[in-house]
Amino acid sequence: REDLKTYTMEEIGRHDNKRTGIWIVYKHGVYDITDFVEKHPGGSDKIMMAAGASIEPFWTIFANHNKDDILSLLESMRIGNISESDAKSHSADDNDPYRNEPQRHKALKINGQKPFCAEPPASLLVESFYTPAELFYVRHHLPVPEIDLKTYELELAVEENTQKVLKLEDIKKYPKYTITSAVMCAGNRRSEMAKAKPLKGLSWGVGAVGNASWSGARLCDVLNDLGIKEDDYNHVQFEGLDLDPSGTYYGASIPISRALDPRADVLLAYEMNGQPISRDHGFPIRAIVPGVVGARNVKWLGKVIISKEESPSQWQQRDYKGFSPSTDWNNVDFSKSPAIQELPVISAICSPEPMDKVPVKDNKISVKGYAWSGGGKKIIRIDVTADEGNTWHTANIVAQDSAAKEGRHWGWTIWNIELPVEPKVKHAEIWVKAVDSSYNVQPESFKNIWNLRGFLCNAYHRLEVELIQ
Ligand code: MTE
Ligand code: MO
C-alpha cells in the first residue's frame, strides 16, 4: 500500500472525534473509522479509547479481533500509512531535557507531562490479566534517558569498587527466568486519601498498577558469580541512567537478603510480556523486585552496588516512607521511618467507574476489579458490599497466576461479582476489601492511615454509581 498518503502520529492524534473524523493506527496503516464507530459490535465507547491512536494494545486485550474478516474489514477503511520518521517525538527546543521522550498511547490519562506520569482508564485495566506495555501506567521522576545498545553497560560494584561490566548479551547468557509480577506505585489510589486531608503527591486513581510477565537473569545468579555473601553486606543499590539537573541518577535499594534469595525472584529483566522492555518501562534492563513497591523496581539500570548502606538517593532517604497521620511537614523526620519495601494488601473496583450509569438485572449489577498484596502473599478472598457492610458478598476470582508457588504470588488477582443491590433505588455505593494469605485485611477508612506524602493508600475502595432499574 505504498500509493497511500503518509501521516504523522501528531496529525493522527488530532483525528479523535466526530468533527475531524476518527482515525486509528494498526501496524503501519492509518484507518478512518468515523462511520464504523457506531456499528462497532463491542460498543462505540470501547473503540473510541483508541481514537487518534494505535488499536494494537486493545487487540491484545480483546484478543478475538485478530481474525481475517476483521483485518479485511479494517483494510477497507485504510486511508494511509504512518510516517517512518515518526518513531520519536522531537521537540524544537534543544535545551529541553524532555526533547526526546517516546511516543505514548493516547488512551493514557496524563497526571504529569514532564516528568511523564500517566495511568490507563480503570475499566480497561481489568480486561486482561497481563497489562499491555502501551497501556501500563508510567511513573518517571526524570526525563527518559537515551540508551544505545552499542554502548550500554551494566556496572557491578562492591561499595566504590567496580567488579565487572556486563553488556546486554552478557546478561542474556545467564539462565532466563520468566515470572508474573504486578508493579504498583506507592501512591496508587492517592486521590482518595487526599480527600481525607490535603497531602503532597500526584493524584493517582486506581490505575498506578499493572501486571506483566517479566523475563531476565536472576540477580542472585549474577551476585553469586561475584562471590557476594549475605553476612558481609546489607543492601543492594540500583542506579538508573536517568539524571536529575544536578547530575545525580535515580536510585533505590533493597535488602541483600532479598537480592540473594532465589525464591524472591528478583530479576535483571530485559523482556516485558515477551517483548524487549519499551523505553518508558526501562529499556534495556530494569530491576524487577516482585512484591516490592514500584520505586525499587529501577528502570534503565546502569549500576548495581553491593553495600553496607542503603541507597543514598533522595527516593530512598527522603521519600517513599510512611508516617503517622499526626506527622506533618513541620515535624517530619525522614530518618525515623524505614523505606517502604513490601506493599500491604489492596484492592480496587475498576468497572463500573465512579458515577457510571449501571444497568440492574435481576436486582444485581456487574462489578469487576483487581486485588493484590506485597511480599508474595496470595489473595484468598475479596469481599464486596452495596449496603455499607451489612451484607458482604464474596467475589469470584477470574484470573490469578496459577503457576505461582506458595509465598511467591507476585501477580495480581482479577475478580468479578454479580452484586445484589436494593430493588428500585437509583443510587448505590459499592465497597471492596481483599484478604491475603496471612489474613491481612484492608483498613476501613483513610482517616487513620493518612500520611503526608499519600503512600500506602489501601483503605476499602468505595465508589458511587447511578443505577438504571
Ligand atoms: N526507575 C528510574 N530509573 N527512574 C524512575 O523515575 N520510577 C519508579 C520506578 N523505577 C523510576 C524508576 C517508580 S516511583 C515507579 S512507581 C515505577 O518505576 C514505575 O514503573 P513504570 O513506569 O514501568 O510503570
Ligand atoms: Mo512510584
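In the predicted model, three strands, in the order E7-E8-E9, make up an open sheet with antiparallel pairing, where strands are DSSP runs of at least two residues marked E, numbered from the N terminus, and two strands pair if DSSP finds at least two bridges between them. Strand E7 (109–112) and E9 each have a single partner strand and stand at the edges, so one side of each is left without a neighbour in the sheet. Strand E8 (residues 117–119) is joined to E9 by 2 bridges, the two running antiparallel, and alanine 118 stands opposite valine 138 in E9. The model is predicted, so that local features need pLDDT of at least 70 and side-chain atom pairs count only at pLDDT 80 or more, while totals for chains, interfaces and linings use all residues. Residues are numbered from 1 along each chain as its sequence is written, and chains are lettered from A and ligands numbered from 1 in the order in which they are written.

The chain is divided into domain 1 (5–86), domain 2 (154–336) and domain 3 (346–468), with bounds that come from an automatic or database domain assignment. The C-alpha centres of domain 2 and domain 3 lie 28 Å apart. The contact takes 34 residues from domain 2 and 22 residues from domain 3, two residues being in contact if their C-beta atoms, placed from the backbone, lie within 7 Å. On the side of domain 2 that touches domain 3, strand E12 (177–184) and helix H7 (190–196) are the elements that give two or more residues, helices being DSSP runs of H or I with at least four residues. This side has 16 nonpolar, 9 polar and 9 charged residues.

Valine 384 touches Val367, His393, Ala395, Ile417, Leu419, Ile430, Trp431 and Val432, when residues up to four places away in sequence are not counted.

Notes
Ala, Val, Leu, Ile, Met, Phe, Trp, Tyr, Cys and Pro count as nonpolar, Asp, Glu, Lys and Arg as charged, and the others, Gly among them, as polar.
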